[in-house]
Amino acid sequence: MLSPRHETGPPDLTTPEGFGAFYEEHIDAVLGFVTRRVADPHLAADLTADIFLAAMGSASGYRPNRAAPIAWLFGMARNILSGHARGLARESGALARLSGRRLLDDEDVAALEERIDAQRAFREPAGRHAALSEPLRAALDLVVLDQLTPAEAAQALGVTQATVRVRLHRARRALRAPGAVTGAQLEAAR
């Protein structure tokens with residue numbers, strides 16, 4: 001059975017209305033993806049906006065038969081977050097991010113801080129999770145936290161579905177070790 005996000009068919013990202021509907025459908029998932037990885041609410045808002053700007057710029061090249069929309073977005077999100085972590089083009093990107101955007105008001109900051117505080121409950125007890133290698137952690141996060149299927153996670157990571165399943169098995173085995181964070185704790189931290 002297909003999930004609700006696939007029942008309506010592929011989105012038409014080349015029209016303002018289609019992209020607007022696509023944005024509304026996926027903003028919460030992308031913002032959740034970012035806030036699980038970034039602790040500053042202003043930075044989380046900026047990176048989320050950058051992800052959708054990149055999606056808008058790549059909309060004409062999107063092929064729904066190659067990747068589910070959320071996997072496509074999460075693949076872009078991973079690239080943007082990696083680029084930020086390396087600090088590439090930080091100064092020129094800052095000017096582009098500031099132009100034409102409204103500033104966050106107190107309500108926006110409070111809402112983002114709530115999301116970040118909720119995620120802190122996950123970050124603090126997840127020492128085992130943090131000790132996983134990046135490939136294992138990425139596969140686990142996409143499937144467990146971001147609720148992608150293994151096939152969608154494989155698309156977002158640019159690997160085969162078999163590779164994702166092996167990484168999931170290894171990550172879950174490492175988390176089941178004595179004193180490990182349980183799957184229920186990972187789910188509760190969402």
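The secondary structure of the protein chain comes to eleven helices and zero strands, and, read along the sequence, its elements follow the pattern α-α-α-α-α-α-α-α-α-α-α. The model is a predicted one. Of the 190 residues in the protein chain, 37% are buried.

**Helix pairs**

| Helix pair | Axis distance | Angle |
|---|---|---|
| Helix 2 (residues 16–35) and helix 4 (residues 69–86) | 11 Å | about 45 degrees |
| Helix 8 (residues 134–145) and helix 9 (residues 150–157) | within 9 Å | roughly 135 degrees |
| Helix 9 (residues 150–157) and helix 10 (residues 161–175) | within 8 Å | roughly 105 degrees |

Helix 2 and helix 4 pack at an angle of about 45 degrees, with their axes 11 Å apart, and the two helices are therefore oblique to each other. The crossing of helix 2 and helix 4 is right-handed. On the side of helix 2 the contact is made by Phe22, His26, Ala29, Val30 and Phe33, while helix 4 brings Pro69, Ile70, Trp72, Leu73, Phe74, Ala77, Arg78 and Leu81. Sorted by class, the residues of this contact of helix 2 with helix 4 are eleven nonpolar, one polar and one charged.

The axes of helix 8 and helix 9 come within 9 Å and cross at roughly 135 degrees, which makes helix 8 oblique to helix 9. The crossing of helix 8 and helix 9 is right-handed. Here Ala138, Ala139, Leu142 and Val143 in helix 8 meet Pro150, Ala153, Ala156 and Leu157 in helix 9, and the residues of the contact of helix 8 with helix 9 comprise eight nonpolar, no polar and no charged ones.

Helix 9 also packs with helix 10, and the axes of these two helices come within 8 Å and cross at roughly 105 degrees; helix 9 and helix 10 are therefore roughly perpendicular to each other. Pro150, Ala151, Ala153, Ala154 and Leu157 of helix 9 make the contact with Gln161, Val164, Arg165, Arg167 and Leu168 of helix 10. By class, the contact of helix 9 with helix 10 has seven nonpolar, one polar and two charged residues.

**Individual residues**

Ala156, whose place is in helix 9, is one of the residues of that helix that meet helix 8. With a relative accessible area of 10%, Ala156 falls under the 20% cut-off and is therefore buried. Leaving aside its neighbours within four places in sequence, Ala156 is in contact with Ala71, Phe74, Gly75, Arg78, Leu142 and Leu148. Among these partners, Phe74 and Arg78 also belong to the residues of helix 4 that make the contact with helix 2, and Leu142 belongs to helix 8. The C-alpha atoms of Ala156 and Ala77 are separated by 9.2 Å, although the two residues are 79 residues apart along the chain, and Ala77 is itself one of the residues of helix 4 in the contact with helix 2.

Gln147 is found in the loop between helix 8 and helix 9. The phi angle of Gln147 is near 60 degrees, which is a positive value in a residue other than glycine. With a relative accessibility of 44%, between the cut-offs of 20% and 50%, Gln147 counts as partly exposed.

Thr35 lies in helix 2, which covers residues 16–35. Thr35 is buried, because its relative accessible area of 0% is under 20%.

Conventions. Residues are numbered from 1 along each chain as its sequence is written. This is a predicted model: local features need pLDDT of at least 70, side-chain atom pairs count only at pLDDT 80 or more; totals for chains, interfaces and linings use all residues. Side-chain values use heavy atoms; hydrogens and water are left out. Axes are lines fitted to C-alpha atoms, for helices over the stretch in contact, and angles run from 0 to 180 degrees between N-to-C directions. Helices (H or I, at least four residues) and strands (E, at least two) are DSSP runs, numbered from the N terminus. Angles under 35 degrees count as roughly parallel, over 145 as roughly antiparallel, 65 to 115 as roughly perpendicular and the rest as oblique. A crossing is left-handed if the near helix is turned anticlockwise from the far one by less than a right angle, and right-handed if clockwise. Contact means heavy atoms within 4.5 Å. Ala, Val, Leu, Ile, Met, Phe, Trp, Tyr, Cys and Pro count as nonpolar, Asp, Glu, Lys and Arg as charged, and the others, Gly among them, as polar. Buried means under 20% relative accessible area, exposed over 50%, partly exposed in between (1.4 Å probe, protein chains only).
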